[in-house]
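Subject: Structure handover, with notes on salt bridges

Hi there,

Here is the structure I promised to pass on.

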Amino acid sequence: MELRQEIKQRLRTARSWPGLIEELEKEVEQIEGKEQKAAKLFELGELCEDLFLRKDRAMVHYQAAFKLSPQDARALERARQIYREMGNLDMVSTLLGLELKVTTDEKQRALIEGRWGVTLLDLGKRDAALPHLETAAEARPDDRELSDALAAASYDKEDWLGEVERLQTQAEKSDSGLAARIWLRVARIYRLEGVTDDAYVGALGHVVQNEPQQEQANFLLEGALGAAKRWDDIVKLHEKRIYAAADERDQAELCRTFASMWALRWNDVDRSAAFYRQALEKYYGDGFSQGAQFPGHLAAFSFLREIDGQKFKEKAEWQKLLQLADLGMRAGLSDDEQAILATQAAVISWKEMKDEERARGYFDRVQKINPESVELHAFMSAHDMVAGDKPSVQQKASALMAALGGEAVPANGHGIKPEKHEAKIEPVHAEPEPKV
């Protein structure tokens with residue numbers, strides 16, 4: 001059985017998702033052989049990252065996988081992506097250097113050289129970036145991103161202001177695609193000259209005005225705005241990108257990316273939750289049918305329940321979360337996913353809203369898929385029911401007292417802790433022992 005599907009089935013009965021992660025970690029520890037264990041550690045890292053939204057745990061497993069199998073660069077690549085999401089370009093650069101050491105395929109090496117050169121360029125390290133960009137451009141002459149980066153790094157330092165003025169004039173006469181490329185070149189020249197004030201931010205702003213989804217410019221602009229603590233401006237930037245997306249599939253995936261970014265890069269749980277809510281609305285809406293990918297949507301729902309639940313005081317507020325669950329259960333999810341989502345909705349209805357009838361409706365769905373559900377049997381026991389019973393008048397009258405006095409169910413239904421995204425992994429050092 002494919003591991004992801006197996007995990008979803010195990011989540012049906014898991015009272016604690018972090019507890020399940022610990023079980024999986026113990027199982028991996030029992031594996032004999034370095035290569036086999038490294039492969040499972042990498043797979044567990046992917047699950048922690050994608051399914052559980054626990055990138056802090058994922059980083060630990062990628063680190064262990066690479067330590068056991070230093071010739072397998074996959075763990076380095078995934079760790080590098082997390083560090084970039086955190087905005088830590090220094091660590092991105094370090095990991096690219098390690099990747100280059102363990103990679104033998106010439107095409108892949110050229111790709112890594114290019115990424116390393118661009119990263120160094122955006123760190124303001126022109127002299128270090130140039131040889132990597134030149135090597136990559138020679139192997140990939142048709143790569144427009146590389147040629148643009150190399151052009152930016154090759155500017156005339158003696159007349160950089162004049163070059164900036166000439167480029168700005170050229171951009172004003174160009175179509176949006178070319179103008180975006182020229183403005184990004186201008187921004188990079190500013191960065192290399194140590195200019196990171198309004199001129200730099202303005203140049204990046206021109207890029208995204210012309211090309212709203214230009215990834216590199218958005219990343220740099222987010223970093224500049226974050227350094228100035230202009231959080232509302234970053235939210236506006238993200239909202240514009242969502243509005244400009246082609247369909248709900250793209251919108252859902254952008255919202256998911258922004259939610260993770262707000263938690264990882266700026267440790268802002270509330271804004272992270274706001275974008276996870278939008279991600280789920282888009283994904284459970286038309287995004288799912290349009291092919292959107294959101295493996296961690298169940299963890300995201302639980303995250304919302306934990307974060308928003310701390311602020312909810314009225315039934316109407318919980319109702320909004322249940323509407324989101326209802327949308328999800330109409331989206332065509334798998335049986336395992338429906339059972340897990342319905343369980344969370346049932347516990348919210350029962351424990352938070354004190355609505356026995358609504359809880360029973362959700363538990364009926366759970367019972368058809370997962371009749372052994374612990375939460376289902378706790379509900380039936382609290383209301384003196386067996387499967388298939390209709391509640392009596394007396395049972396209805398005592399529902400509130402039973403809900404208040406019954407055995408406590410974890411606050412998020414499955415014990416999922418809201419992701420703090422505090423990935424405090426020590427920086428990688430190439431010597432004496434390479435680590436992620």
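Arg 249 is partly exposed, at a relative accessible area of 31%; on this scale buried means under 20%, exposed over 50% and partly exposed in between, with a 1.4 Å probe and protein chains only. Its salt-bridge partner is Asp 250, and the closest N and O atoms of the two are 3.5 Å apart. I count a salt bridge when a side-chain nitrogen of Lys or Arg lies within 4 Å of a carboxyl oxygen of Asp or Glu. Asp 250 is also partly exposed, with 27% relative accessibility.

Before you go further, please note that this is a predicted model: local features need pLDDT of at least 70, side-chain atom pairs count only at pLDDT 80 or more, and totals for chains, interfaces and linings use all residues. Residues are numbered from 1 along each chain as its sequence is written, and side-chain values use heavy atoms, with hydrogens and water left out.

Over the whole structure, the search gives 24 salt bridges.

Two other pairs may interest you:

- Asp 50 and Arg 78 are joined by a salt bridge of 3.2 Å, N to O. This pair links distant parts of the chain, with Asp 50 in helix H3 (residues 34–50) and Arg 78 in helix H5 (residues 74–85), 28 residues apart. Arg 78 is buried at 15% relative accessibility, while Asp 50 is partly exposed at 22%. Both belong to a salt-bridge network that also takes in Glu 46 and Glu 49.
- Lys 37 and Glu 29 form a salt bridge through their side chains, at 3.9 Å from N to O. Here Lys 37 is buried, with a relative accessible area of 16%, whereas Glu 29 is partly exposed at 49%.

As for the overall picture, the chain has 22 helices and zero strands; these are DSSP runs numbered from the N terminus, helices being H or I of at least four residues and strands E of at least two. Of the 436 residues, 51% are buried. Among contacts with a separation of 6 or more, 61% come from residues 24 or more positions apart, a contact being heavy atoms within 4.5 Å. The chain exposes about 20,500 Å², and carbon and sulfur atoms supply 47% of that; the areas come from the Shrake-Rupley method with a 1.4 Å probe, and for residues only the protein chains shown count as cover.

Best wishes
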